[in-house]
There are 2 protein chains.
Amino acid sequence: MVAVGTELLLGQIVDTNSSWIGEQLALAGLDSHFQTKVGDNADRIRGALELGLSRADAVICCGGLGPTQDDITREVIAGLMGVELVQDGAIADKIRTMFRSRGRDMPQNNLRQAHVPVGARPMDQQPGTAPGLVCPVGDTDGPFGGKVIYAVPGVPYEMKEMVLGTVLPDLQARSGTNAVIASRTLRTWGQSESALAEILAGRIDLLDEVGNPTLAFLASGVEGLKVRITAKAVDQAEVDEMLATEEEILRGILGDIVFGTDDETMESVVLGLLAERGLTLGVAESVTGGYVTGRLASVPGASEVLRGGITAYDTEIKFNVLGLDRGPVVTADAAMAMAEAARRVLGADVGLGITGVAGPDEQEDQPVGTVHLGFAIDGRVDSVSTKLPGDRERIRQFSSITLLDQLRRHLLDL
Amino acid sequence: MVAVGTELLLGQIVDTNSSWIGEQLALAGLDSHFQTKVGDNADRIRGALELGLSRADAVICCGGLGPTQDDITREVIAGLMGVELVQDGAIADKIRTMFRSRGRDMPQNNLRQAHVPVGARPMDQQPGTAPGLVCPVGDTDGPFGGKVIYAVPGVPYEMKEMVLGTVLPDLQARSGTNAVIASRTLRTWGQSESALAEILAGRIDLLDEVGNPTLAFLASGVEGLKVRITAKAVDQAEVDEMLATEEEILRGILGDIVFGTDDETMESVVLGLLAERGLTLGVAESVTGGYVTGRLASVPGASEVLRGGITAYDTEIKFNVLGLDRGPVVTADAAMAMAEAARRVLGADVGLGITGVAGPDEQEDQPVGTVHLGFAIDGRVDSVSTKLPGDRERIRQFSSITLLDQLRRHLLDL
């Protein structure tokens with residue numbers, strides 16, 4: 001992996017592209033030993049590409065395919081291939097059309113993006129104006145004989161479409177695996193990585209003997225712990241079959257700490273469960289200061305379920321707006337009263353309440369990290385209390401997910 | 001820069017350390033041409049270090065200093081230096097003390113962190129158990145004669161303390177600059193990068209002739225546009241003087257689009273302005289779904305100013321809880337009524353209201369991106385309406401900051 005861009009070296013942009021590509025390569029069972037960032041400098045880009053080709057069978061070069069004079073990846077690769085750049089008429093037309101469809105004039109610069117090294121193949125995917133390029137370097141006798149450079153743009157959604165659509169399949173073809181490789185991620189909440197490893201130890205040993213499918217853990221902080229199943233088979237149907245079977249087995253072992261799969265999030269899952277049951281939701285927050293409602297509202301379509309939220313950050317609001325009895329407000333009773341009030345005031349079927357101490361200071365003599373969660377659902381009101389480690393922001397985030405996870409468990413029990 | 005860790009290559013962790021170090025080096029006027037990620041493999045780590053030393057005067061090696069068997073950076077560097085690892089008694093004691101002070105037993109493994117290559121110097125800063133190491137490689141006759149490897153842990157806050165406290169000063173000493181280099185960042189909101197460049201063109205030309213101080217732009221999305229002043233002088237006093245003078249000049253040119261400096265955020269600035277004026281704040285949100293209140297609440301000490309927020313995500317709540325007159329709710333009038341209601345219902349001095357269309361669908365025949373902002377402050381109620389580009393999440397974020405920025409301008413006018 002060679003990521004091109006001076007802004008990457010200066011730290012103006014964090015190179016998340018390499019991380020994403022690295023994960024995709026790992027998922028596809030392809031080894032990636034080095035990832036390098038290099039600035040917009042022809043000699044250093046070429047040096048990084050040649051170094052990469054000297055130690056690997058293929059190099060993915062990300063960035064420097066834009067229309068400006070800084071974008072020199074095309075020129076550098078042509079130089080390395082020892083060929084000319086020629087304008088590709090089809091790509092030039094495509095770029096002109098894109099600008100026209102957006103009702104904008106095309107700066108002449110943009111035609112630079114239609115320049116292709118002789119012998120290179122433009123990728124079929126072209127979501128933006130920059131085409132990706134498959135560049136064979138040198139004939140099979142040359143120093144880099146039979147090796148290849150994949151040039152993709154630095155714009156993440158353009159890069160991802162090309163890597164998934166062209167680079168990975170081409171790499172797998174070259175690596176001789178005509179097998180179909182696919183993966184599924186189980187999203188879990190409520191267990192530590194070591195605990196999860198212990199629970200799954202037996203299953204992992206079993207799978208290690210066969211070697212396919214494989215399991216990988218990924219600790220993702222507030223996103224929970226991910227368990228990734230990767231399977232390899234002769235065709236898609238069989239891969240899907242293997243993934244489905246393994247998912248069923250793992251769900252059997254892990255039980256309800258699995259809250260979703262792949263791109264599902266805790267909030268999308270909870271909103272889905274509420275929608276299935278035709279229930280609306282209201283939230284009363286204190287310690288999380290609107291964070292819970294904000295996360296829920298960020299899910300497209302949330303408005304069908306989410307009635308709204310009240311952030312009673314100041315204690316008086318707990319009394320005046322939510323109608324709590326005067327007294328301590330960092331208690332399980334207060335959390336339950338908030339949940340009931342959220343249901344009543346916001347006219348929702350289900351009410352959530354959350355109160356606690358995020359710090360920096362203690363409150364009502366309760367230590368930082370104390371959190372009380374209240375649930376008003378199906379005519380019952382109950383609470384869960386917990387103590388969370390970490391700083392203010394971590395406490396706010398983890399208590400929010402814990403609240404939603406507990407609601408999820410309540411809904412599954414309905 | 002060599003970042004060590006297989007989890008970096010697999011994309012399980014994004015390498016933000018290199019980005020941060022790259023920015024610090026740029027600020028210090030030191031060139032960084034390559035940044036490489038390498039896995040926990042002795043040969044490949046050594047290869048990356050030797051390659052780095054062959055093209056640079058110094059290499060910063062980040063990660064692999066932990067207590068586990070995977071953490072082999074110490075061994076690799078000792079091998080490269082051609083020396084033994086010896087246990088440093090002082091560091092061993094320090095580590096034992098740290099565990100004792102945390103009431104935990106020390107696993108014997110942790111003493112590996114007290115191993116230091118002969119000739120290497122532990123850094124004074126040691127916030128965690130892992131010591132940073134200044135490692136001179138080879139005498140001045142050797143291939144890497146006079147060059148140096150700085151080994152720092154991958155834990156961000158430990159790494160940062162060591163880079164700022166030891167690495168940068170040592171690099172500047174070695175590079176012969178005994179000048180003091182410091183920078184200040186002006187945070188701005190409301191102008192595009194190109195517009196800002198145009199406004200400052202004259203000033204930049206002037207500074208380019210002198211070459212000191214220098215200006216740099218940094219587009220940071222929802223964090224706004226940053227203008228960084230970097231000055232060089234013989235001592236701290238003169239640097240501070242230069243920064244202060246340049247800041248004053250730039251504020252004169254940019255006016256009130258500058259909302260803060262350095263680590264200040266829009267929400268911390270707004271909360272500060274309210275606190276200075278002894279005013280409390282209430283927020284009524286629709287389109288942003290609690291995001292505004294959540295951002296404000298994330299600032300430590302927010303509770304002194306922020307009374308709370310009401311997210312009227314469902315239209316009925318705008319009528320029932322906020323008491324808006326029945327009718328269209330994506331209007332400037334609705335935003336003003338929400339602001340007034342936030343003030344009244346939440347018992348605050350200042351009320352904010354925000355309503356709009358984040359999409360995916362239109363609402364009340366108004367296009368996605370339409371946002372109305374309401375302000376109830378100092379006995380007056382007024383509104384600002386705008387149209388924002390981008391997707392759902394971007395609209396939610398940018399409308400939130402725009403709301404806070406407009407409140408800031410209201411407060412400055414008081």
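Strands (E, at least two residues) are DSSP runs, numbered from the N terminus, as are helices (H or I, at least four), and two strands pair if DSSP finds at least two bridges between them. This is a predicted model, in which local features need pLDDT of at least 70, side-chain atom pairs count only at pLDDT 80 or more, and totals for chains, interfaces and linings use all residues. Residues are numbered from 1 along each chain as its sequence is written, chains are lettered from A and ligands numbered from 1 in the order in which they are written, and side-chain values use heavy atoms, with hydrogens and water left out.

Q: Which residue in β16(A) stands opposite Leu352(A)?
A: Strand β15(A) is joined by 6 bridges to β16 (residues 370-377) of chain A, and the two run antiparallel. Opposite Leu352(A) stands Phe375(A).

Q: Which residue in β15(A) is the bridge partner of Glu285(A)?
A: Strand β13 (residues 281-285) of chain A runs parallel to β15(A), with 5 bridges between them. The partner of Glu285(A) is Ile354(A).

Q: How many residues of β15(A) are buried?
A: Buried means under 20% relative accessible area, exposed over 50%, and partly exposed in between (1.4 Å probe, protein chains only). Val350(A), Leu352(A), Ile354(A) and Gly356(A) point one way, Gly351(A), Gly353(A) and Thr355(A) the other, and all are buried. For β15 (residues 350-356) of chain A the count is 7 of 7.

Q: Is Asp365(B) buried or exposed?
A: Asp365(B) lies in the loop between β15 (350-356) and β16 (370-377) of chain B. Its phi is positive, about 60°, although it is not a glycine. At 73% relative accessibility, Asp365(B) is exposed.
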